[in-house]
Each structure stands twice: as structure tokens, then as C-alpha cells.
Amino acid sequence: MPDKQQLPTTGAVTPVTTTTPTKSPGGQPRGNAAAAERLTALNSQRPGSAEAKRPPPDLSALERLGYTVYPIAQVEVLYSAAKKSPDAGLSGQKQGAGGYDAVLSGTFTTDYVQSAGPIMRDGQMDTQGHAKATNRGGMAVLADGSVVVGRAEGRTAEEVRGTFGSESNPVKDFMGGGALLVEGSKPTSDKDLYERQRFDQGGGGIRAQQMRATMHVLVGIRDGQAFAIVAHDKTGAEMQKELVAHGFDSVVKYDGGSGAYARDGAGGSPEYRGTNSTGMGIKTRK
């Protein structure tokens, strides 16, 4: 069964609403100041930081284990099923001069078309996705180009902005609904994946149907630098163990399997030509 067929038919994609929470699920104040303080080298790549100025590390050992790694300079969230201003499909995205260096598929969908995770582009929420995505992992791109990987605290535009951005550096793009495999340099627990992130199909948790051995797309932060990653024929448990062992501090796993897409035009990765409506356009760091 493909990754995409993961969700119940009840309570599928919900419309955008405008509630504004004042506290996180843990009871801590949330909002602009709290969000800004949470950006560290463990969960974000921030332009101009000492970490971001360093050249990308040598991750050839990880690539020998069955991964293709793209150091991120810039990334944009793509959504071809958006009701307003839809992007071209992943196969129609321009690459090379004037285009992206790599185009990868994104989060899970409810029906191979509608995103199961919240999607924001250019500061506007396209969809809140499915209720299961409320506390799953996501990637945010802020106005200054910072790339943040972390746990969502809700699905509305206000919740996404309050969790990942700030008034002076708001969220530009966001893609949620992924499996947060690594948080604070540590693997997330099987219980967390099952109960809090609600990966409850198949064996559930790290053994959920979405974690089976196949191709997967991930985004990770390692020592203040952001990377897009294609895993070839890996299980969730393998990815979690191997990425922690190679120094990753935050990792979100998006879709995989038959719907996944990966193309870099340079022969750096085997090509996958699935039809996911969500994705990422990436310009790489050299």
C-alpha cells in the first residue's frame, strides 16, 4: 500500500480558520518572542550565522549507506493542487540555469492529490491538512531565508506563524505532516510517533506503514546547516539510527514509496517519478 493511503475518510482536509492560541501544548507562552528564542543550531539554518558560513561537511560516509544529500542554500515549498496560484507539477519545474538544482516530493496526501499536512506558500495558508498533522514534524522557511525543522503546535496559519516565525522574521513557506524522527539531537520515541504524531497505521510508531523500507524524502538540520535527503530502500528505524549517528539534530521525514519524486538533473540521485502534488524546489550550497 502506498504511503499516501494513510488516513481515515472522516475529518480529512479541513478549511483554513483563524484561531490564535496563547500557549503551547506544554503551557509555555508562545508567539513572536518565544519563536525567535527557539531558533538554534539544533533546529535551524540561519543566514549569516557562524554555522551557515561554514562549508558543507563531508557526508560521503552517509551516502555510502544509501542516501543522497543536498546541502540547502534556498528551498521553496511547491503545491500543484492549491486552489489559488497552484505551482506547476514537480515534473514541470525548471532545473538548471534559472531553475532549481533539485526537485523533491514533499509531505503525505490524503488521496494522492490533497495535502495531508499544512501547506503555506508566500505567507498564505493553502490548507491546514488533516487533524493527524497537528503535532507532526514540519519545515518552515522564514522571510530571511532561515530553514527551520521542528514540531508543529497546531495547523492554523496563526499557530504555524507563532511556532516557527516571529514578527520581525515571519514564516514564508511551511510544509507539515511529516514524521519528526529526530528532535534535539535525539531519536523521537516509538510512543511519540504513535500517540503524539499519530502514525498509527500498520504496526504503528516507528513500524508504521509509512516507515516501511522504500525511498523516502527528508529534511534535516546538522550543526546549524540544512540538508534535503533522499533515502534509498530504508526503514524508519534505519533512517533514525543512521542520521543520528551522522550528527543530525532535527529530521523530518516526508512521503516515500510509489508517489515519491526526486530529480536533480546532475546524476546525483536515482530518479523517482511519482506524482505527489507537494514538493520542494532546492538550490544547493556549494
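Visitor: What is a salt bridge in this predicted model?
Guide: Side chains of opposite charge can pair when their charged atoms come close. In this predicted model, a salt bridge is a side-chain nitrogen of Lys or Arg within 4 Å of a carboxyl oxygen of Asp or Glu.

Visitor: How far apart are the closest N and O atoms of Arg121 and Asp126?
Guide: The cut-off for a salt bridge is 4 Å between the side-chain nitrogen and the carboxyl oxygen. Arg121 and Asp126 form a salt bridge. Their closest N and O atoms are apart by 2.6 Å.

Visitor: Is Asp126 buried, partly exposed or exposed, and which of these is Arg121?
Guide: Buried means under 20% relative accessible area, and partly exposed lies between that and 50%. Asp126 has a relative accessibility of 26%, so Asp126 counts as partly exposed. Arg121 has a relative accessible area of 11%, so Arg121 is buried.

Visitor: Which residue is linked with Arg121 and Asp126 in a network of salt bridges?
Guide: A search of the whole structure finds 11 salt bridges. Arg121 and Asp126 belong to a network of salt bridges, and the residue linked with them there is Asp87.

Visitor: Where in the chain is Asp192, which forms a salt bridge with Arg151?
Guide: The closest N and O atoms of Arg151 and Asp192 are 2.9 Å apart. The pair links distant parts of the chain, 41 residues apart. Arg151 is in strand β7, while Asp192 is in helix α5.

Visitor: Are Arg151 and Asp192 buried or exposed?
Guide: The cut-off for buried is under 20% relative accessible area. Arg151 is at 8%, so Arg151 counts as buried. Asp192 has 14%, so Asp192 is also buried.

Visitor: How many residues of strand β6 are buried?
Guide: Strand β6 covers residues 137-142 and is largely enclosed by the rest of the structure. Gly137, Met139 and Val141 point one way from β6, and Gly138, Ala140 and Leu142 point the other way. Both sets are buried, so the number for β6 is 6 of the 6 residues.

Visitor: Which residue in β8 is the bridge partner of Val141?
Guide: Strand β8 spans residues 171-183 and pairs with β6 in the antiparallel sense over 5 bridges. The bridge partner of Val141 in β8 is Asp173.

Visitor: What is the angle between the planes of Phe227 and Phe248?
Guide: A search of the whole structure finds 3 aromatic pairs. Phe227 and Phe248 form one that is edge-to-face, with 5.7 Å from centre to centre. Phe227 in strand β11 and Phe248 in the loop between α6 and β12 are 21 residues apart, and both are buried. Planes over 60 degrees apart count as edge-to-face, and here the angle is 75°.

Visitor: Which residues of helix α6 are buried?
Guide: Helix α6 covers residues 236-245. Just after α6, Gly247 takes a positive phi of about 90°. The buried residues of α6 are Gly236, Met239, Gln240, Glu242 and Leu243.

Conventions: Residues numbered from 1 in each chain as written. Predicted model: local features only at pLDDT ≥ 70, side-chain atom pairs only at ≥ 80, totals over all residues. Heavy atoms only, no water. Buried < 20%, exposed > 50% of the residue type's maximum accessible area, 1.4 Å probe, protein only. Helix = DSSP H or I, 4+ residues; strand = E, 2+ residues; numbered from the N terminus. Pairing = 2+ DSSP bridges. Phe/Tyr/Trp six-rings, centres within 6.5 Å; stacked < 30°, edge-to-face > 60°.
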